[in-house]
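Subject: Model for your review

Hello,

Here is the structure you asked for. My notes on it follow below.

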Amino acid sequence: MKERFTDRRFSAPLWFLFPVVFLIAFGFALYTNHAWEDWYITFRASKNLAMGNGLVFTPGEHLHTFTSPLGTLIPALLSYLAGPDNDDLVLWLFRIVSAGLLGIAAVLLLKSALYALRSTPAIVMLLALVAIDAKTVDYSINGMETAFMVFFLALLVCAFYSPVDRPTYWLAVAIAGLMWSRPDSFVYVGAVMAGHVVFNPESRLAHTRASWISLFIRAGLLGFVFYLPWVLWAWWYYGTPIPNTITAKGLGSFDVLSLLQAFFLFPVTSLFSIDNSLHATFAPAYMSFGGWNLIIPLLSKALTFISISYWLLPSGRSAVRSWSFAAFLAQFYLSHVIPTPYPWYVPSVTFLCTWALSFELDHLTDWLSQKRPALLPMLKGTTGAIIAFQLAVFLCVAYQMRLQQQLIELDNRKAIGLWLRDHAKPGSTVFLECLGYIGFYSNLKMYDYPGLSSKEVVNARKVLHSNDFNKLVPYLKPDYLVLRPTDGVNASVLSHYQELKRFDVTERVRSIPFLPGRGYLQFDQLFTVYTRKPESQTTLTLN
């Protein structure tokens with residue numbers, strides 16, 4: 001027998017949650033002032049549009065150098081309204097928009113949870129893990145599209161559980177909004193749809209698998225109609241609807257048989273293998289650089305594994321199994337489908353895992369209250385410990401990002417961009433990996449790896465069948481190089497270049513006594529700028 005959907009009213013004032021979550025996100029922005037590298041990649045195109053140069057990174061080159069349409073068009077509008085000399089104001093306005101979206105998302109989640117969940121600890125954990133997840137907050141206020149993803153995912157959940165008129169329409173709006181936020185969002189939408197079709201949870205929206213399929217087809221088609229204008233415009237303007245960022249990051253082989261094997265083994269390998277994204281779900285960004293306690297990835301992996309494994313229980317509740325399966329599919333996508341699970345991809349999957357985990361906690365609380373009520377205080381204590389763990393990680397990340405912004409982003413990368421603007425000849429080309437600050441503030445032609453803004457780099461990688469800088473640099477012959485010591489460019493290639501200036505904050509990073517995630521700052525603490533020697537204009541050759 002299927003469990004009965006709980007149709008109970010709520011008396012809590014929902015909107016009290018909005019200022020709480022808004023202030024958490026905005027307070028993080030005020031304290032850290034963190035602006036992510038990719039903000040300046042996107043904003044260069046946004047500002048060009050606002051100034052009448054087209055939605056391009058380099059005027060005259062119709063290259064699709066951003067991933068999120070909303071994350072580019074909204075800053076363009078803000079830049080147009082604020083004026084070309086108020087770039088910092090544009091970022092702060094975008095932060096306010098993003099913090100507001102997180103606040104609204106929390107209200108939508110609470111509204112949905114009060115209908116779908118019976119357990120107060122489950123609801124509290126849900127709201128806390130969303131509001132103080134370090135990556136969700138950071139990548140919402142640092143210029144990424146994360147807040148838009150979280151908002152439209154919350155709207156998707158709300159369409160399932162809150163009694164709304166025309167639910168098909170709201171599902172379509174959520175689907176379209178996700179696609180306007182990130183074009184790979186169809187993966188997460190498909191994961192949620194698959195979970196509901198496979199496990200057929202009882203709902204106001206549908207009662208059979210056939211009715212679920214019918215609902216999703218109608219909502220999906222309508223959502224595609226809402227998204228279609230962007231697809232057609234991008235196709236006309238750039239010659240392809242696929243962003244160059246996806247092309248550049250996705251170069252490589254794709255083995256379907258290996259992928260199928262990995263999928264069937266994932267219920268086991270997700271726990272016992274380190275080659276997946278589970279450890280990153282509730283952990284800081286770029287934790288692999290070092291400087292964090294090892295208990296963080298272990299606890300993240302444990303929580304994530306619980307959230308994505310419930311669907312395997314034959315006697316589990318169908319509603320819980322459907323969301324657990326959706327989280328499972330999303331984690332598989334991060335772990336085995338995309339080439340690199342960058343940290344800003346993770347919050348959307350963290351959202352699904354948190355929603356599934358809250359359902360599972362709700363089920364466990366219900367079971368204990370009937371079978372083992374004496375264990376309920378222990379369960380509540382464990383829930384509190386999980387929230388405390390996330391709060392500790394959140395505070396440590398805030399401290400880390402405050403230092404990262406000042407030492408690395410401003411004193412290194414921004415400084416390099418401004419120095420190149422003042423010293424490089426107009427029209428010069430620069431080869432580097434970290435495109436954002438340096439590309440924006442220098443306003444030069446960038447040969448960035450992997451080619452987010454440069455079709456020349458993408459083509460070079462295809463021609464050479466290599467990602468080796470020691471092959472790419474001689475092939476491209478850039479006027480300038482901006483390199484870290486770890487970029488691995490050898491002496492033979494550098495012999496054709498002259499060192500101009502070093503940007504080094506090594507001692508300042510080393511002198512900080514307490515620095516969680518120190519390795520992340522150390523990775524970018526030293527850059528060297530080189531210029532090509534005049535006699536190397538024609539002699540630079542492949543090694």
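Helices (H or I, at least four residues) and strands (E, at least two) are DSSP runs, numbered from the N terminus. The model is predicted, so local features need pLDDT of at least 70 and side-chain atom pairs count only at pLDDT 80 or more, while totals for chains, interfaces and linings use all residues. Residues are numbered from 1 along each chain as its sequence is written, and side-chain values use heavy atoms, with hydrogens and water left out.

Cavities

A cavity is a set of points, on a 1 Å grid over the protein atoms alone, where a 1.4 Å probe fits but cannot get out; lining residues have an atom within 4 Å of a point. Points are joined across faces, edges and corners, and a volume is the space filled by probe spheres set on them. There are five cavities of 30 Å³ or more.

The largest cavity holds about 180 Å³. Its lining has 16 residues, with Asp38, Thr42, Thr67, Met144 and Glu145 nearest the centre. Helix 2 (37-50) and helix 11 (244-249) are the elements that give two or more residues to this lining, and helix 2 gives the most, with three. By class, the lining of the largest cavity has five nonpolar, seven polar and four charged residues (nonpolar: Ala, Val, Leu, Ile, Met, Phe, Trp, Tyr, Cys and Pro; charged: Asp, Glu, Lys and Arg; polar: the others, Gly among them).

The second largest cavity holds about 60 Å³. Its lining consists of Val21, Ala25, Leu102, Ala106, Leu127, Val130, Ala131 and Val137, which divide into eight nonpolar, no polar and no charged residues. Helix 1 (17-32), helix 4 (87-116) and helix 5 (120-131) each supply at least two of the lining residues, and the largest share, three, comes from helix 5.

Backbone

Most residues other than glycine have a negative phi, and most peptide bonds are trans. The bond from Tyr449 to Pro450 is cis, with omega near 15°; Pro450 lies in the loop between strand 2 (445-448) and helix 18 (455-464).

Tyr286 is not a glycine but has a positive phi of about 55°. Tyr286 sits in the loop between helix 12 (256-272) and helix 13 (295-309) and is partly exposed, at 22% relative accessibility. His465 also has a positive phi of about 55°; His465 lies in the loop between helix 18 and helix 19 (469-476) and counts as exposed, at 73% relative accessibility. Buried means under 20% relative accessible area, exposed over 50%, and partly exposed in between (1.4 Å probe, protein chains only).

Regards

Definitions and conventions:
On a 1 Å grid over the protein atoms alone, a cavity is a set of points where a 1.4 Å probe fits but cannot get out, and a pocket is an open set with protein on both sides within 12 Å along at least five of seven lines; lining residues have an atom within 4 Å of a point.
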